[in-house]
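Colleague: I am new to this one. Please walk me through it, starting wherever you like.

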Amino acid sequence: MPGLTAPSDYSKEPPRHPCLKINSKEPFNAEPPRSALTCSYVTPSDFFYKRNHGPIPIVEDIERYSVMISGLVEKPKQLFMKDIRMLPKYNVTATLQCAGNRRTAMSKTRTVKGVGWDVSAIGNAVWGGAKLSDVLELVGIPKLTSNTQFGGKHVEFVSVDKCKEEKGGPYKASIPLSQATNPEADVLLAYEMNGETLNRDHGYPLRVVVPGVIGARSVKWLEDINIIEEECQGFFMQKDYKMFPPSVDWDNINWSTRRPQMDFPVQCAICSLEDVSTIKPGKVKISGYAASGGGRGIERVDVSVDGGKTWIEASRCQKSGVQYIADGFNSDKWAWVLFEVTADIRQSTEIVAKAIDSAANIQPEKVEDIWNLRGILNTSWHRVKVQAGHSNL
């Protein structure tokens with residue numbers, strides 16, 4: 001594409017923060033320490049997880065960069081950045097989470113295939129850009145449309161990013177047209193993150209942000225938008241990111257029997273303690289994040305300091321000084337909540353956290369019950385072990 005290119009190697013990667021835990025160097029996949037996540041409601045871009053499938057694209061001429069909208073539409077259109085910036089700008093606070101978040105813990109039950117992640121393949125940012133519903137009006141698709149007059153029912157996003165899974169072709173994904181044209185769904189073509197221009201790792205100059213949905217559908221380095229009749233047939237829609245039962249293995253898998261995963265389920269993790277921590281007996285602060293997909297709020301976070309026998313309810317917050325109410329008018333419906341509780345712990349024990357969303361969905365107790373061969377959507381109760389003793393830290 002004029003203005004934006006995908007390099008053939010990893011020699012021109014952007015600088016990254018030294019504290020990131022690198023899970024894969026080429027392509028670069030990394031997450032921050034879990035303790036960094038609860039330092040702020042909005043995750044700084046340096047500490048936002050990096051998830052890539054190939055070398056980071058390079059903008060060579062921003063003036064020539066454009067996105068082509070075509071397919072089953074009356075009037076295909078080429079949009080330059082100046083065209084997108086002329087549309088009303090919206091800021092949407094939304095949590096993105098990789099479907100593989102907490103995969104490493106799932107792999108301890110049985111081996112899974114995929115990049116290992118601790119609990120930090122998640123982050124919360126303020127994304128700035130144009131609503132996709134406004135963009136699609138430029139090609140004659142009205143808001144709240146389920147199918148176009150030419151039979152278009154899905155919106156496919158194609159990246160400049162090239163990846164081996166697509167046999168050297170571009171990364172791509174799609175969402176239903178009904179979601180794309182719904183202003184309340186807040187799907188963005190974003191050019192800002194936390195009030196600053198997107199950086200290269202996060203999709204500069206333009207990316208899609210699909211709130212409430214697994215991160216794989218929020219395509220970075222956007223090149224084309226296609227209005228299509230069927231779902232995107234790309235690898236990551238059809239041969240990956242689908243939820244299979246524990247009985248399915250690589251010998252009997254049939255990808256066509258499952259729909260592509262979209263909304264992420266209710267999730268929480270403790271960030272103030274590592275998987276095994278030494279604590280001084282007495283008051284211990286337990287804090288972390290909780291999030292659910294589809295715009296559902298977090299109704300409750302329960303914490304146990306005796307391995308799940310008894311529970312205490314944690315406090316929940318989003319913005320400082322604003323009371324958090326699940327699905328409340330002043331709450332960010334696409335964003336995580338941070339939880340905190342202080343407990344008196346006198347002996348070695350297991351601390352457990354589980355979240356309940358506003359639809360009363362609750363995290364499954366055991367990882368074994370949701371084990372799947374790709375290790376996605378590990379939303380089992382989060383457990384950490386603490387050893388009471390005198391720490392030398």
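**Salt bridges, strands and loops**

Colleague: Glu231, then: buried or exposed?

Modeller: Glu231 has a relative accessible area of 16%, so it counts as buried. Buried means under 20% relative accessible area, exposed means over 50%, and partly exposed is in between, using a 1.4 Å probe and protein chains only.

Colleague: Where do these numbers come from?

Modeller: This is a predicted model, so local features need pLDDT of at least 70 and side-chain atom pairs count only at pLDDT 80 or more, while totals for chains, interfaces and linings use all residues. Residues are numbered from 1 along each chain as its sequence is written, and side-chain values use heavy atoms, with hydrogens and water left out.

Colleague: What is the mean pLDDT of the chain?

Modeller: The mean is 96, and 98% of the residues reach 70 or more. pLDDT is the predictor's confidence in each residue, from 0 to 100. Helices (H or I, at least four residues) and strands (E, at least two) are DSSP runs, numbered from the N terminus.

Colleague: Back to Glu231. Which residue does it form a salt bridge with?

Modeller: Glu231 pairs with Arg259, and the closest N and O atoms are 2.6 Å apart. The two residues come from distant parts of the chain, 28 residues apart: Glu231 is in the loop between strand S14 (222-228) and helix H6 (235-238), and Arg259 is in the loop between H6 and S15. Arg259 is exposed, at 61% relative accessible area. A salt bridge here is a side-chain nitrogen of Lys or Arg within 4 Å of a carboxyl oxygen of Asp or Glu.

Colleague: How many salt bridges are there in the whole structure?

Modeller: The search finds 20. One of them joins Lys131 and Asp186, with closest N and O atoms 3.0 Å apart. Lys131 lies in strand S8 and Asp186 in the loop between helix H5 (177-180) and strand S11 (188-193), so this pair ties together parts 55 residues apart in sequence. Both Lys131 and Asp186 are buried.

Colleague: Which residue does Arg383 meet?

Modeller: Arg383 forms a salt bridge with Glu350, at 3.2 Å from N to O. Arg383 is in strand S23 and Glu350 in strand S22 (residues 349-357), so parts 33 residues apart are tied together. Arg383 is partly exposed, with a relative accessible area of 28%. There is also a network: salt bridges with shared partners join Arg34, Asp118, Glu274 and Asp275.

Colleague: What sheet has S23 and S22 in its order?

Modeller: They belong to an open sheet of five strands with mixed pairing, in the order S16-S23-S22-S18-S19. Strand S16 (276-279) and strand S19 (312-313) are the edges, each pairing on one side only. S16 and S23 (residues 382-388) run parallel and are joined by four bridges; two strands pair if DSSP finds at least two bridges between them. Thr278 stands opposite Gln387 in S23.

Colleague: Different topic. Where are the cis peptide bonds?

Modeller: One joins Glu26 and Pro27, with omega about -5°, and another joins Tyr204 and Pro205, with omega about 10°. Pro27 is in the loop between strand S2 (21-24) and strand S3 (29-31). Most residues other than glycine have a negative phi, and most peptide bonds are trans.

Colleague: Which residue other than glycine has a phi near 70°?

Modeller: That is Arg102, in the loop between strand S7 (89-97) and helix H3 (103-107). Arg102 counts as buried, at 4% relative accessibility. Asp327 also has a positive phi, about 65°, but is partly exposed at 47%.
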